[in-house]
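Here is a colleague's note to go with the chain shown below. Please keep the structure open while reading, and look up each residue as its point comes up.

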Amino acid sequence: MNISNIQGTIRVGQIDISSKKYSGNKYVLYDYKLKLDYDKSLPKGLKNKHMAIIYFFVVDGEIYKIGQTSGTSGIQGCMGFYCSAGQDDPGQSRFAINYLVRQQLKQNKKVEIYIKTIPQVTMKVEGLFGNQVTITTPPSAKEVESACLADYVSRTGTHPIWNFQESGRAYPAHIKESFGAYVKMRGKTIKS
């Protein structure tokens, strides 16, 4: 499905390879991490705003992954985790997406990030002793992601190609093997 079919999205930017070489002393898979070049028209302050966010990895206009975050560092923090996988200690999911993005970039494909934002809500909640307090918080991004994935599946009959877990598919064997080897090397070897 093309991202142009989704209403209310905001283009965050495009992913590329960073020009800054890794200078630490731990084993890394990639000397150059991925970077997100932010769109100049992205509203100021939206990069690190704390809110519920549905994000889309888009390759040449097509949606490859739908995800969610409601972290306090916003989309900047979320994408930072994906971009640094292979230079840090990622889980298999972040490692796999980083790996797949790099494959697309090697094929001269355009990898972009889009988001849909869900504003914070204000509500009254009860404290420990029955006192009412007013809080402002993001709604559950996980629930909104589930709704978005259900909409996607209802239109296409399948999950986006990189939504492995949600579709019940295993990561490709070569990615699982690469991840296992990376974890092993990172745990015992210091890069010289």
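1. D31, at 29% relative accessibility, counts as partly exposed, a class that lies between buried (under 20% relative accessible area) and exposed (over 50%), as found with a 1.4 Å probe on protein chains only. D31 is found in the loop between β1 and β2, where strands (E, at least two residues) and helices (H or I, at least four) are DSSP runs numbered from the N terminus. From C-alpha to C-alpha, D31 and G86 are 8.8 Å apart in space, although 55 residues separate them in sequence.

2. Please bear in mind that this is a predicted model, in which local features need pLDDT of at least 70 and side-chain atom pairs count only at pLDDT 80 or more, while totals for chains, interfaces and linings use all residues. Residues are numbered from 1 along each chain as its sequence is written, and side-chain values use heavy atoms, with hydrogens and water left out.

3. For the overall picture, the protein has five helices and seven strands, and from the N terminus on its elements run β-β-β-β-α-α-β-β-β-α-α-α. Along its principal axes the C-alpha trace spans about 55 × 40 × 35 Å, and buried residues make up 39% of the 192 residues. Among contacts (heavy atoms within 4.5 Å) between residues at least 6 apart in sequence, 66% join residues at least 24 apart.

4. Why can helix α1 be called largely enclosed by the rest of the structure? Eight of the eleven residues of α1 are buried, so the rest of the structure largely encloses this helix. The buried residues are G74, I75, G77, C78, M79, Y82, C83 and S84, and they pack against β1 (10-21), β2 (32-38), β3, β4, α2 and β5. After α1 comes G86, whose phi is positive, near 100 degrees.

5. Two packed helices are described by the angle between their axes and the distance between the axes. The axes of α1 (residues 74-84) and α2 come within 7 Å and cross at roughly 75 degrees, which makes α1 roughly perpendicular to α2. Here the axes are lines fitted to C-alpha atoms, for helices over the stretch in contact, with angles running from 0 to 180 degrees between N-to-C directions; angles of 65 to 115 degrees count as roughly perpendicular, under 35 as roughly parallel, over 145 as roughly antiparallel and the rest as oblique. F81, Y82, C83 and S84 of α1 make the contact with R94, I97 and N98 of α2.

6. Leaving aside neighbours within four places in sequence, R94 is in contact with F81, Y82, S84, A85, D88 and D89.

7. The largest pocket holds about 310 Å³ of space, and of the 16 residues that line this pocket, I6, Q7, C148, D151 and Y152 are the closest to its centre. On a 1 Å grid over the protein atoms alone, a pocket is an open set of points with protein on both sides within 12 Å along at least five of seven lines, and lining residues have an atom within 4 Å of a point. Helix α3 gives the most to the lining of the largest pocket, with six residues, and β3 (52-59), β4 (62-69), β5 (111-118) and α3 (141-156) each supply at least two.

8. In the second largest pocket there is about 170 Å³ of space, and of its 13 lining residues Y55, K65, Q68, Y82 and S93 lie nearest its centre. At least two lining residues come from each of β4, α1, α2, α3 and α4 (164-167).

9. S41, in the loop between β2 and β3, is exposed, with a relative accessible area of 60%, and its C-alpha atom is separated by 27 Å from that of K142, which is 101 residues apart along the chain.

Technical notes: 1 Å grid on protein atoms, 1.4 Å probe; cavity = no way out; pocket = protein on both sides within 12 Å on 5 of 7 lines; lining within 4 Å. Points joined across faces, edges and corners; volume = space filled by probe spheres on them.
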